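Here is a short briefing to read alongside the model. It starts with confidence, then turns to the strands and the aromatic rings.

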Amino acid sequence: MKIKILIFGLLLCSVTVTAQTKVEKVIPTRASGDGVTYSLPLTSFIVNVEVIKVTVKAGPYYRYAERYLGIKDVATEDIVYYELGKATLVNRGVPDPDNVYKIEFKQKTVAPFAYLTPDGLLCSINEQYVPEGQEQEVNIEKSKANIPSPTSVYTEELLMAGSVARQAEVAAKQIYHLRESRTDILTGDADNLPPDGEAMKIVISKLEEQEKALTRLFTGSETRETSWFDVSILPEDELEHEVLFRFSSKLGILDADDLGGEPVYMNLTALERVPELDPKEAEKKAKLLKGVVYNVPGKARVEIIRNNKTLIKKDVPFVQFGIQETLAPVLMEDKKQPIKVIFYPETGAIKHITK
C-alpha cells in the first residue's frame, strides 16, 4: 500500500499567521479551445499537532527551598522536555493525475467562467467562489514569566554574603520582608501609605514582582515554547494502526520510521464505499462521462491514537471510496438561465446548483 507522509514544523513566537485559500478565475479563450481544464481531487489528510517545549532551569538555592521557604517540590537540575498538545484533522484535496477533465463552453452559453485553485481544482462554474473560513489568525506566544531577573533585586547584603548557604538565608529574609511590606500596605499599617488606590496597585504589583524574582532563586524557572507540526498523509485505502509519526518527550516530533519515539497511529475505516467496477464496466462508465465530471465521495472514519488514547475521532468524506458522476451538458446551454454550480474543492463534490 502506497502512503505519502510528510511532516512540517513551525515555531510560532509572538506572531500572527494568516491562512487563506487562493482561488483563481479562469475565462475560456480561443487559445484554450473555449474550455477550462481542471483536476478532480484525491482526499489527503493533514494532522496538525501542537508540541510544547518546556525548559526548566534550577535555582541556585534549590537545596534551601524547604529549609527557608517550606517549599518541597522544586527543580533540582536543568532539563528540557516536550509535551504533545492538541491535534486537529483537515481534509485536504490534492489533484488526481488520473482524473483531469476539460469543461467545454459553447458559444451560446452566457459569459462562461470557472474558479479554480492554483493547482487546478474546480471551485465553481458561472458563480463567484469565496472560500469558507477564508482567513484564520493564529496567535501563539513564547510563554515567559513577566518578572524581573533575580539579579535586579540583589541587595548589598546578598551580594556580600560569603557562601551559598548565607546567600540563600539573606534572600529568604528579603522575601519575608517583601511579604510583610505588602501586608502592611493592604492592612493600612505601613508608615507611608500610597496616596490613592491606583498608586497602591502599582506598589503592590512591584512588591509581588520582586518576591517572585527572589523566589525563583529557590524554585527555579520554566519557559514554554509552542510549535505546530503538519503531518500529511495520502491514503489509498483503509488503514489499521498505520504509524503516522512518533513522539518523544526528549526529542519531540519524529518521523514514522524513527524508533526514538513512541508511535502515534492512524486508523481509516470505510463507512460508505462504492463497490469497485470490473475493467469492462469501468471502461463503459468512462465513455459515459460527458459533461462536467464531479466526485461523489464515500465516507470514512479517521482515528488518531496514542498510548491507547484517542486524540481524534472524526467521520469525513473520502473521495477514494466514492465514484465520478457528470452534470449533463444541456444544463450549460440555457442562454436565459445559465446554470451556476459551487463545488467543494477539497472533495470535488457539488455543494449546490442554482440558475
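pLDDT is the predictor's confidence in each residue, on a scale from 0 to 100. This is a predicted model, in which local features need pLDDT of at least 70 and side-chain atom pairs count only at pLDDT 80 or more, while totals for chains, interfaces and linings use all residues. Residues are numbered from 1 along each chain as its sequence is written, and side-chain values use heavy atoms, with hydrogens and water left out.

**Confidence**

- The chain has a mean pLDDT of 82, and 75% of its residues reach 70 or more.
- Helices (H or I, at least four residues) and strands (E, at least two) are DSSP runs, numbered from the N terminus. Among the elements of the chain, strand 12 has the highest mean pLDDT (96), and strand 2 (residues 15-19) has the lowest (38).
- Over residues 12-21 the pLDDT stays under 50, and the model has 29 contacts beyond four places in sequence for them; a contact means heavy atoms within 4.5 Å.
- Residues 134-145 also have pLDDT below 50, with 32 contacts in the model beyond near neighbours in sequence.

- Two strands pair if DSSP finds at least two bridges between them. Five strands, in the order 11-10-12-13-14, form an open sheet with antiparallel pairing.
- Strand 11 (252-254) and strand 14 stand at the edges with a single partner strand each, so one side of each is left without a neighbour in the sheet.
- On average, neighbouring strands of this sheet are turned by 30° against each other, direction ignored; the axes are lines fitted to C-alpha atoms (for helices, over the stretch in contact), and angles run from 0 to 180 degrees between N-to-C directions.

**Strand 13 and its partners**

- Strand 12 (residues 262-272) and strand 13 (residues 292-306) run antiparallel and are joined by eight bridges. Across this pairing, Met266 stands opposite Ile304, and Leu268 stands opposite Val302.
- On to strand 14 (residues 309-327), strand 13 has 14 bridges, again antiparallel; here Ala300 stands opposite Val316.
- Strands 13 and 14 form a hairpin with two residues between them, and Asn307 in the turn has a positive phi of about 50°.
- Val292 lies in strand 13 and is buried, with a relative accessible area of 3%. Buried means under 20% relative accessible area, exposed over 50%, and partly exposed in between (1.4 Å probe, protein chains only).
- Val292 and Tyr38 are 254 residues apart in sequence and 10.0 Å apart in space, C-alpha to C-alpha.

**Aromatic rings**

- Rings of Phe, Tyr and Trp (its six-membered ring) pair if their centres lie within 6.5 Å; planes under 30 degrees apart count as stacked, over 60 as edge-to-face and the rest as tilted. By this rule there are six aromatic pairs.
- Tyr61 and Phe218 form an edge-to-face pair, at 5.6 Å centre to centre and 65° between the planes. This pair links distant parts of the chain, 157 residues apart: Tyr61 is in the loop between strand 4 (35-57) and helix 1 (65-69), and Phe218 is in helix 4 (residues 197-219). Both Tyr61 and Phe218 are buried.
- Phe113 and Tyr115 also form an edge-to-face pair, with 5.9 Å centre to centre and 80° between the planes. Phe113 is buried, as is Tyr115.
- Phe45, Phe318 and Phe321 form one aromatic cluster.
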